[in-house]
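Morning, everyone. I'll take you through one model today, starting with charged pairs and ending in the core.

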Amino acid sequence: TDSSTLVIGIDVSRLKHDACFGTKNKIFCRKFTITNDLFGFETLEEKINSLCIEHGFKNVLLGMEPTSIYWCCLNEYLKSKNRNTCLLDPISVFHNRKTLKKDNGKSDKKDAYAIFDLMSQQKFYFPTDSSLQSFSAKLVMKNWMNVQRSITSSKNRMRSFLSLVFPELETETEKISSNKFLKFLHKFPTPLTIVSLSEVDFIKKCTDELKSYKENELKEIYSLSQTSIGVCLSEETDSLIIRKMVEELEYMLKEEEVWLKHCYQIAILDNGYDRVKKIKGLGDRITTGIMLSMGNYRMFSNATQITKLAGLNLVDKTSGSSINKPSRISHQGNHDLRYWAYHGALQVIKYPGPFQSLFIKKKKSSPGNGSGKRALIAVSDKLIRVIWAILKKGGEYNTEYNPENNKK
């Protein structure tokens, strides 16, 4: 930015946006409010044009925080007018805002000025992703992850209720999302529905209708149901609750498969998909999750930025007794990318290679409790760095592993 560039910081919100106009050395308008609609966007464009004509600006740069999804429509409108836009780090804006004078709390509208101030100092802003395809992929990914979280919540609720009604099935609840177990629960949701039949009839009915349990398994379940210590609210209520939970979980599992298919179809369009899958342990689900969570990997210039994007960068405590504690990851980043990196790490360490070697090395050198978890985090970081390098540089993953190459 220089004196020939009009700098505009925009604080976006659900209904209205506030803008601050100026240059590196001068402020023209500290607060200019527009509505979040076409009329408001056109008003902003008219204001920009009038300032450019009045002061002879050759360039215009607009910046905003990526607040939820509220910034997207404005950004697309500005792009249609060939305006240069950028995004600012929300944490940097927050801390910069606290350094400004007369800060009277969040109700004091100074975020637009805080954004403008950082831009005029040429700090903490980066270009927006210009690809609508990439943005749509993020939305599809978000829906997929939301369904996954709903599945986890539903499974936990079902597991808790089954522990109350039929605690003897605790070992089976580990397979609570399996088709086999869900069909069984829908047919026999409580111990009373099982013991209402004779053992012979129970086994015959399961064999005819479910066909997935072995006879010895069914005999054990029947025996457990006869001596169950489960709490019975009422047979009708217990059966209704469990069957509804089963139906809910089955529906969400089908939805999850639909969203996974959509995400996979987007991910395979990238030429690097097959190269990433050459890493042993990565299937379609994890590869798709990592690639879509990473977004537009081309905009990152080095692997350290990917580490920060995932929130896997290490931070130290700088005051109090906490300075004596080991470094921890920041968690300030893309939760979905961190999730898939961790689950990818769980898979890749099963196979001989650099990831398994790193896991063993970090686990041995990591002090105290939690060494395995810290080692997995290190592997997660390395995994997304390797994937980013494969995608960015267009190389092939070397599947040949020689342990001697890792010795120093």
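Lys180 has a relative accessibility of 28%, so Lys180 counts as partly exposed. Some terms: buried is under 20% relative accessible area, exposed is over 50%, and partly exposed is in between, with a 1.4 Å probe and protein chains only.

A word on the source. This is a predicted model, where local features need pLDDT of at least 70, side-chain atom pairs count only at pLDDT 80 or more, and totals for chains, interfaces and linings use all residues. Residues are numbered from 1 along each chain as its sequence is written, and side-chain values use heavy atoms, with hydrogens and water left out.

Back to Lys180. What does its side chain meet in a salt bridge? Glu217, at 3.7 Å, N to O. A salt bridge here is a side-chain nitrogen of Lys or Arg within 4 Å of a carboxyl oxygen of Asp or Glu. This pair links distant parts of the chain: Lys180 is in helix 6 (residues 179-187), Glu217 is in helix 9 (residues 215-226), and they are 37 residues apart. Helices (H or I, at least four residues) and strands (E, at least two) are DSSP runs, numbered from the N terminus. Glu217 has a relative accessible area of 24%, so Glu217 is partly exposed.

How many salt bridges does the structure hold? It holds 16. Take Glu45 and Arg83, whose side chains meet at 2.8 Å, N to O. They are 38 residues apart: Glu45 sits in helix 1 (residues 38-55), and Arg83 sits in the loop between helix 2 (70-80) and strand 5 (84-88). Are these two buried or exposed? Glu45 is buried, and so is Arg83.

Now compare a local pair. Glu76 forms a salt bridge with Lys79, with the closest N and O atoms 3.0 Å apart. Both lie in helix 2, three residues apart, about one turn of the helix. Glu76 is at 29% relative accessibility, so Glu76 counts as partly exposed. Lys79, at 23%, counts as partly exposed. There is also a network of salt bridges, linking Glu256, Glu257 and Arg285.

Next, helix packing. Two packed helices are described by the angle between their axes and the distance between the axes. Helix 14 (residues 335-348) packs on helix 16 (residues 371-393) at about 105 degrees, with the axes 8 Å apart. Axes are lines fitted to C-alpha atoms, for helices over the stretch in contact, and angles run from 0 to 180 degrees between N-to-C directions. The two helices are therefore roughly perpendicular, the word used for 65 to 115 degrees; under 35 is roughly parallel, over 145 roughly antiparallel, and the rest oblique.

Look at Ser380, in helix 16. Its relative accessible area is 1%, so Ser380 is buried. Leaving aside neighbours within four places in sequence, Ser380 is in contact (heavy atoms within 4.5 Å) with Leu312, Ala341, Tyr342 and Ala345.

Last, the cores. A nonpolar core is a set of buried Ala, Val, Leu, Ile, Met, Phe, Trp, Tyr and Cys residues joined through side-chain atoms within 4.5 Å. The largest has 44 residues, and Ile279, Ile290, Met294, Ile384 and Ile387 touch the most other members. Which helix gives the most to this core? Helix 16, with ten residues. A second, separate core of 28 residues includes Phe161, Phe166, Ile176 and Phe188.
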